[in-house]
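Here is a short note to read beside the model. Keep the structure open and find each residue as you go.

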Amino acid sequence: MKIERIEAIPYSIPYTHPLRFASGEVHAAEHVLIRITTDDGLVGIADTPPRPYTYGETQASIMAVVRDIFAPALTGLDPLDREKAQRIMARTVHNDTAKGAVDIALWDLIGKSLGTPVHKLLGGYADSMRVSHMLGFKPAQELLEEAQRFGEEYGITTFKLKTGRRPLSLDVEAVHVLREGLGDGVEIYLDANRGWTANEAMEVLRRTDGLGLTALEEPCDASEAMGRRRLVQHSAIPITGDESVPTPGDVSRELLSGGCNAICIKTARSGFTQATEILGLCTGLGVDVTMGNQIDTQIGSLATVTFGAAHEASQRRAGELSNFLDMADDLLAEPLEIHDGAIRVREVPGVGAEIDEDKLARYRQDA
Ligand code: MUC
Ligand code: MG
């Protein structure tokens, strides 16, 4: 089996409800679909979300690096030789979500060629993942109503609250209102997307003490090393690295230097191969992981479920898997469904992300 063709297809699908957070906002999924075809006619699929405010990648840069650099270098390679593919892509620095999507599409091909679901190839631990819902910036009462609706409609009992606003009282109030309205049985954790300084984060933790928060993600920029270390040392809850730790090397640096003590794994930027390396590092060190959301489509969320459910350590905590519900439509032929607060893996060869060709024709931007 040899790679014959690698396509990077730009498309745009609007959001019905935009998501706002400290580092940016999303009104439309202007993503790039990666499609890899082999000489025996198999097709591997993955989705790439450009996040310029997080990784510096844009839709145009992802298309360019895949079409101009990765595709010529990977064509002719056997998809099973994924270490060769990793080394070829590593010759180009950064471009993490472009690399992640190519890796996932290769795993999809491996699963299809072996007639085996990829969650089985990766570890086969569980057949579903519990869902955590991400709440964007909104007035406190609207946040509570959204969380209650997601609890009632989908059985979701874990919420990640986007924070990092100023004045700090906006986020402090939101945490109080959510805890009071949702009760003690619901898990709440925070993600500030670098919106605060370390000292501001420390103040928010003081003012929300006793409300049962379980983690605080990217409180401030990880390059503010001294403040961040002081925060990690003094916080009673884990301080999670997300955008500061896209690669195994970043994870090692941040954990060893004391910049964080929990890790968010995102398949969108690490693929399955590097996500496996990151998970191994974390389990070896006794560090908790959360499967995060790169504001993923159903295709991206299915990739997260496929990886997250495959390993004991990555399915322990609920994964961030529900933000596709805010999109007006999706390319996935068979929609992803949340039942009893969980999403199931797909028991089909590959990842199971088959595309609705009519929808792709409607939303693609290069036709
Ligand atoms: C998250 O966990 O930070 C927002 C920005 C980004 O890169 O990912 C999202 C969610
Ligand atoms: Mg985050």
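1. At 25% relative accessibility, tyrosine 53 counts as partly exposed.

2. **How to read the model.** This is a predicted model, in which local features need pLDDT of at least 70, side-chain atom pairs count only at pLDDT 80 or more, and totals for chains, interfaces and linings use all residues. Residues are numbered from 1 along each chain as its sequence is written, chains are lettered from A and ligands numbered from 1 in the order in which they are written, and side-chain values use heavy atoms, with hydrogens and water left out.

3. **Aromatic pairs.** How many aromatic pairs does a search of the whole structure find? The search finds 3. Rings of Phe, Tyr and Trp (its six-membered ring) pair if their centres lie within 6.5 Å; planes under 30 degrees apart count as stacked, over 60 as edge-to-face and the rest as tilted. One of the pairs is phenylalanine 21 with tyrosine 53, which is edge-to-face at 5.6 Å centre to centre and 65° between the planes. Phenylalanine 21 is in strand β1 (residues 3-21) and tyrosine 53 in helix α1 (residues 52-55), so their pair ties together parts 32 residues apart in sequence. Helices (H or I, at least four residues) and strands (E, at least two) are DSSP runs, numbered from the N terminus. Phenylalanine 21 counts as buried because its relative accessibility is 7%.

4. **A pair within one helix.** Phenylalanine 150 and tyrosine 154 form a tilted aromatic pair, 5.4 Å centre to centre with 40° between the planes. Both lie in helix α6 (residues 140-154), 4 residues apart, about one turn of the helix. Phenylalanine 150 and tyrosine 154 are both buried.

5. **Charges over rings.** A charge sits over a ring if NZ of Lys or CZ of Arg is within 6 Å of the ring centre and within 35 degrees of the ring normal. Arginine 165 has its charged end over the ring of phenylalanine 137, 5.1 Å from the centre. Arginine 317 has its charged end over the ring of tyrosine 189, 5.3 Å from the centre.

6. Aspartate 191 is in strand β6 (residues 187-191) and aspartate 242 in the loop between β8 (239-241) and α10 (248-256), 51 residues apart. Both aspartates are buried.

7. **Salt bridges.** The structure holds 30 salt bridges. Each is a side-chain nitrogen of Lys or Arg within 4 Å of a carboxyl oxygen of Asp or Glu. Aspartate 366 and arginine 67 meet in one (3.7 Å, N to O). This pair links distant parts of the chain: aspartate 366 is in the segment after α14 (357-363) and arginine 67 is in helix α2, 299 residues apart.

8. **Bridges within a helix.** Glutamate 83 and arginine 87 form a salt bridge (3.0 Å, N to O). They both lie in helix α3, 4 residues apart. Lysine 112 and aspartate 108 also meet in a salt bridge (3.0 Å, N to O). Both are buried. Salt bridges that share partners join Lys160, Lys162, Asp191, Glu217 and Glu320 into one network.

9. **Backbone points to check.** The peptide bond from arginine 166 to proline 167 is cis, with omega near 0°. Proline 167 is in the loop between β5 (158-162) and α7 (169-182). Glutamate 218 is not a glycine, yet has a positive phi of about 30°. Aspartate 340 also has a positive phi, near 50°. Buried or exposed? Glutamate 218 counts as buried at 0% relative accessibility, whereas aspartate 340 is exposed, with a relative accessible area of 78%.

Definitions and conventions
Buried means under 20% relative accessible area, exposed over 50%, partly exposed in between (1.4 Å probe, protein chains only).
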